[in-house]
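Good morning, and thank you for coming.

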Amino acid sequence: MIRNIFRKIIRIANQTIADFKTNYKQVTIHSKGTNEIKFSTLRMYCHMLDKGMNNVNFEKGHSLSVYKSALVLRDQLKPVFYTDSSFAWVDEILNRFEKAQIEGKPQLKTVFPVVYSQQEIDSHIRFITNRTSCRNFLDKQIPSDVIKNIVKIAVDAPNGCCRQIVRYYISQDKNKIQQTVPHVAGITN
């Protein structure tokens with residue numbers, strides 16, 4: 001009994017240390033202020049403003065400090081990210097917020113849900129239920145356009161108010177992969 005309690009305490013302590021290291025790493029990365037991190041912060045601010053404008057208790061003047069911080073970042077990042085589709089979304093949110101301050105209430109954006117045909121629904125269900133885990137791989141290069149498409153899809157995955165900063169490190173260099181594999185978390189690695 002005491003041994004089990006001690007093991008649980010050690011497991012919790014180890015997890016706490018691991019969480020601290022991860023959080024410290026994120027704070028360190030964030031403090032460097034790269035353009036990607038600034039852009040992530042800008043999207044987070046706009047997400048906050050968007051949520052506020054869709055709140056039934058919207059108050060004119062609320063979140064002005066977030067709005068002003070977003071404007072500074074938008075102006076800094078415009079030359080770098082102007083062609084990015086999420087930059088257009090940032091502009092849309094900031095424009096809606098400005099109008100809401102003038103009019104005293106936000107203009108709600110009506111989004112109609114996508115209506116899927118039964119064939120599309122069945123196709124999605126088949127795709128999800130037929131998923132398999134691959135553990136034996138062919139020794140061949142993956143075309144770069146396939147990798148780009150995978151990352152393009154992954155970028156749109158939900159991530160809790162856009163707070164996570166994600167970087168993709170892609171390599172097909174066998175030596176780098178061999179060095180990395182022992183550090184991948186999992187039961188056998």
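I begin with the contacts, where contact means heavy atoms within 4.5 Å. Of the contacts in the chain with a separation of 6 or more, 72% are made by residues 24 or more positions apart.

A word on the source is needed. This is a predicted model, in which local features need pLDDT of at least 70 and side-chain atom pairs count only at pLDDT 80 or more, while totals for chains, interfaces and linings use all residues. Residues are numbered from 1 along each chain as its sequence is written, and side-chain values use heavy atoms, with hydrogens and water left out.

Next, the overall architecture. The chain has seven helices and zero strands, and its pattern along the sequence reads α-α-α-α-α-α-α. Helices (H or I, at least four residues) and strands (E, at least two) are DSSP runs, numbered from the N terminus. Of the 189 residues in the chain, 18% are buried. Here buried means under 20% relative accessible area, exposed means over 50%, and partly exposed lies in between, with a 1.4 Å probe and protein chains only.

Let us turn to the aromatic residues. How many aromatic pairs does a search of the whole structure find? The search finds four. A pair of aromatic rings is described by the distance of the centres and the angle of the planes. Rings of Phe, Tyr and Trp (its six-membered ring) pair if their centres lie within 6.5 Å; planes under 30 degrees apart count as stacked, over 60 as edge-to-face and the rest as tilted. The pair of Phe39 and Phe81 is stacked, because the ring centres are 4.2 Å apart and the planes are at 15 degrees. This pair links distant parts of the chain, since Phe39 belongs to helix H2 and Phe81 to helix H3, 42 residues apart. Phe39 and Phe81 are both buried. Together with Tyr82 and Phe87, they form one aromatic cluster.

Another arginine deserves attention. Is Arg74 buried or exposed? Arg74, in helix H3, counts as buried because its relative accessibility is 16%. Beyond residues up to four places away in sequence, Arg74 touches Leu42, Phe87, Val90, Asp91 and Leu94.

I move now to the loop between helix H2 (35-53) and helix H3 (64-81), where Phe58 is found. Phe58 has 17% relative accessibility and therefore counts as buried. Not counting residues up to four places away in sequence, Phe58 touches Gly52, Met53, Ala100, Gln101, Gly104, Lys105 and Pro106. Phe58 and Ala100 are 42 residues apart along the chain, and their C-alpha atoms are separated by 9.3 Å. Ser63 is also placed in the loop between H2 and H3. Phi of Ser63 is near 70 degrees, a positive value in a residue other than glycine. At 26% relative accessibility, Ser63 counts as partly exposed.

Finally, the largest pocket. On a 1 Å grid over the protein atoms alone, a pocket is an open set of points with protein on both sides within 12 Å along at least five of seven lines, and lining residues have an atom within 4 Å of a point. The largest pocket has a volume of about 1000 Å³, a volume being the space filled by probe spheres set on the points, which are joined across faces, edges and corners. Its lining has 21 residues, of which Phe137, Ile142, Ser171, Gln172 and Ile177 lie nearest its centre. Helix H6 (144-155) and helix H7 (174-180) are the elements that give two or more residues to this lining, and H6 gives the most, with four residues.

Note on methods. 1 Å grid on protein atoms, 1.4 Å probe; cavity = no way out; pocket = protein on both sides within 12 Å on 5 of 7 lines; lining within 4 Å.
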